[in-house]
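Here is a short report on one protein model. Please look it over before reading on.

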Amino acid sequence: MGFLDGIFERKTCDICGEKCGVLGGTKLKDGRLDKNCVNKLSPLLGYLKNYTVEDIKEHLAYREHNEEIVKGFNVTHIAGADGTRLYIDAENRLFFVSGSDNWRASNPDVLSFDQIIDGDLNIVEDKKEIMKKDEAGKEVSYNPKRYEYSYNFYVKVNVNSPWFNSLNIKVNRNKIDGFDNEAYDDAYLYSEEVCEVINMLKDAEPDEITEAIDYFKDRIAQPKRKYDVTYYADTKSLRKGHDYYIQRDPRKSHYRF
Ligand SMILES: [Zn+2]
């Protein structure tokens with residue numbers, strides 16, 4: 001056996017026995033996986049080096065079972081916008097989240113309503129300073145400094161699952177530029193909808209879910225609202241309450257009432 005033989009000998013996958021890529025596949029605690037087996041794992045699974053080959057066998061059995069549940073999943077409600085959406089089967093008390101219209105092909109992890117711990121709205125604001133040129137052509141700050149803002153809207157769902165602790169729903173597909181526009185308003189309302197629906201699933205009847213989704217559909221369909229103190233005032237049925245949403249909306253620091 002020559003010196004280089006060992007280097008070029010391909011390692012094999014500990015699940016299916018196929019040859020791993022030239023870089024040796026994906027490492028587990030006590031073995032490795034080829035690309036094909038990695039693609040079958042839940043994307044929500046954490047750092048793979050924390051799992052043994054036995055753990056992964058168990059996980060793949062769970063994924064196969066999940067695929068069967070996905071086949072029988074009957075979508076009764078959809079909440080959310082054009083990013084990741086929340087799909088609900090109210091009759092069977094099941095849900096999953098997916099950013100794809102062709103969700104069946106991606107085998108999304110299906111959870112029961114009873115696995116939900118809670119959902120939290122998180123709007124992430126990014127700011128970039130707007131500069132101007134001085135007489136010498138040098139970039140300088142405005143006084144006071146000026147910024148342009150952009151936003152992503154998330155609902156983090158904490159869950160009880162042997163395989164992951166949370167799902168992060170990114171409600172908007174594309175980053176929203178600025179806060180004083182319809183795109184922000186819509187993304188905000190869709191996020192509130194997803195957050196409210198997630199928090200009601202544990203103990204909601206199917207018609208209550210319908211009612212909540214219709215309520216947000218109506219609000220989103222309204223002509224552009226002016227953001228002011230009354231913005232949250234008609235939302236008395238909110239599970240999380242007005243103060244919760246006001247505190248999580250970055251607009252509160254940009255407008256003075
Ligand atoms: Zn494999």
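Predicted model: local features only at pLDDT ≥ 70, side-chain atom pairs only at ≥ 80, totals over all residues.

Residues are numbered from 1 along each chain as its sequence is written, and side-chain values use heavy atoms, with hydrogens and water left out.

**Zinc site.** C13 (SG), C16 (SG), D34 (OD) and C37 (SG) coordinate the zinc ion at 2.2 to 2.3 Å. Donors here are N, O and S atoms within 2.8 Å of the metal (3.2 Å for Na, K and Ca); water is not among the atoms, so sites may look incomplete. The angles among the four donor atoms are 98 to 117°, and the site is tetrahedral (four donors, all angles between 85 and 135 degrees). Along the chain the donors of the zinc ion have the spacing C-x2-C-x17-D-x2-C. C13 sits in the loop between α1 (5–8) and β1 (26–27), while D34 sits in the loop between β2 and α2, 21 residues apart.

**Two helices.** Helices (H or I, at least four residues) and strands (E, at least two) are DSSP runs, numbered from the N terminus. The expected span of a helix is 1.5 Å times one less than its number of residues.

| Helix | Residues | End-to-end C-alpha distance | Expected span |
|---|---|---|---|
| α5 (residues 206–221) | 16 residues | 23 Å | 22 Å |

In α3, the buried residues include V53, I56, L60 and V70. They line one face of the helix, because the buried residues of α3 fall within an arc of 165° seen down its axis. The arc is that of the directions from the helix axis to the C-beta atoms. E54, E58, E64 and H65 are exposed on the face turned away. The buried residues of α3 pack against β2 (32–33) and α2 (35–40), contact meaning heavy atoms within 4.5 Å.

In α5, I209, A212, I213, F216, R219 and I220 are buried. These fall within an arc of 120°, so they line one face of α5. On the other side, D207, E211, K217, D218 and A221 are exposed. The cover over the buried residues of α5 includes β3 (77–79), β4 (85–89) and α4 (182–201).

β7 (residues 116–133) and β8 (residues 139–159) pair antiparallel over 17 bridges; pairing takes at least two bridges found by DSSP. D118 has N158 of β8 as its bridge partner. Five residues lie between the strands, and G137 takes a positive phi near 80° in this hairpin.

Notes
Buried < 20%, exposed > 50% of the residue type's maximum accessible area, 1.4 Å probe, protein only. Tetrahedral: all angles 85-135°; square planar, octahedral: opposite > 155°, others 65-115°.
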